[in-house]
Amino acid sequence: MFLKKFEVKDKTALVTGAGKGIGKASAIALAEAGANLIIISRTEKDLIAVKNQIKKIKRKCNYFVCDVTNLKEIKKIFSKIPKLDILVNNAGTNRPEYFTKIKRKDMSEVVDLNIKASFDIAQLATKIMLKSTNRKKSGGSIICLLYTSPSPRDSWASRFASWA
């Protein structure tokens, strides 16, 4: 386990964008720390691979194939979740285009995912966490990830602007 003092035994964690990269690593790290997982991504093949890794750690894992900008689908998924302790709001995107060349349609897609979907998911997660009968003792955690490039450049303008 990466962080020996970090333990979330039998907590339920939901990770968006869990099929690849930081989302995948977050899901696996939470499983190593003892959490049971709910993972969401657009690509079933990636989710199955992550679920198989989590099963090897002997933790429970359910997955949902979903574009998180689809609020109707997200609400449907959240209606099936009885308990939630941790949210890792990881799904996000960028249009690697120079600021002067970004199309309005592309910028709208970035804002829809990076801001609107993240807000909707955090709100739905909070509603579940607040229903917990043991909430004052167990609490809840919402982690919203933002990314930066090691060498930011103009072509990251859409991503950075969506956080402003």
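Is Thr12 buried or exposed? In this predicted model, Thr12 is buried, because its relative accessible area is 13% and a residue counts as buried under 20%. The legends below take up this residue and its surroundings.

**View 1. Overview of the protein chain, with six helices and five strands.** Read along the sequence, the elements of the predicted model follow the pattern β-α-β-α-β-α-β-α-α-β-α. The protein chain has 164 residues, of which 38% count as buried, and it exposes about 10100 Å², with 55% of that area supplied by carbon and sulfur atoms. Among contacts between residues at least 6 apart in sequence, 67% join residues at least 24 apart.

**View 2. The open sheet of five strands in the order β3-β2-β1-β4-β5.** The pairing in this sheet is parallel. Because β3 (61-65) and β5 (141-144) stand at the edges with a single partner strand each, one side of each is left without a neighbour in the sheet. On average, and with direction ignored, neighbouring strands are turned by 10 degrees against each other. Helix α4 (residues 104-130) packs on the sheet, where the helix touches β1, β4 (86-89) and β5, and the direction of α4 makes about 180 degrees with that of β4.

**View 3. Strand β1 beside strand β2, with Thr12 in β1.** Strand β1 spans residues 12-16 and strand β2 spans residues 36-41, and the two pair in the parallel sense over five bridges. Within this pairing, Val15 has Ile39 of β2 as its bridge partner. Thr12, which lies in β1, is in contact with Asn36, Ile38, Lys83, Leu84, Asp85 and Ile86 when its neighbours within four places in sequence are left aside.

**View 4. Strand β2 beside strand β3, with Ser41 in β2.** These two strands also pair in the parallel sense, over five bridges, and Leu37 stands opposite Cys61 in β3. Between the two strands the chain passes through helix α2 (residues 44-56), and this β-α-β crossover from β2 to β3 is right-handed. Ser41 lies in strand β2 and is buried, with a relative accessible area of 13%. Residues up to four places away in sequence not being counted, Ser41 touches Ala18, Gly19, Leu47, Phe64, Val65 and Cys66.

**View 5. The largest nonpolar core, of 20 residues.** The residues with the most contacts inside this core are Leu14, Val68, Ile74, Phe78, Ile81, Leu84 and Leu87. Two or more residues are given to the core by each of β2, α3 (71-78) and α4, and the largest share, eight residues, comes from α4. For Leu14, the residues touched, not counting those up to four places away in sequence, are Ile38, Ile40, Phe78, Ile81, Leu84, Ile86, Leu87 and Val88. Apart from this core lies another, of 18 residues, among them Val15, Leu30, Ala35 and Ile54.

How values were computed: Residues are numbered from 1 along each chain as its sequence is written. This is a predicted model: local features need pLDDT of at least 70, side-chain atom pairs count only at pLDDT 80 or more; totals for chains, interfaces and linings use all residues. Side-chain values use heavy atoms; hydrogens and water are left out. Two strands pair if DSSP finds at least two bridges between them. Helices (H or I, at least four residues) and strands (E, at least two) are DSSP runs, numbered from the N terminus. Axes are lines fitted to C-alpha atoms, for helices over the stretch in contact, and angles run from 0 to 180 degrees between N-to-C directions. Contact means heavy atoms within 4.5 Å. Buried means under 20% relative accessible area, exposed over 50%, partly exposed in between (1.4 Å probe, protein chains only). A crossover is right-handed if, with the strands pointing away from the viewer, the path from the first strand over the helix to the second runs clockwise. A nonpolar core is a set of buried Ala, Val, Leu, Ile, Met, Phe, Trp, Tyr and Cys residues joined through side-chain atoms within 4.5 Å. Accessible areas come from the Shrake-Rupley method with a 1.4 Å probe; for residues, only the protein chains shown count as cover.
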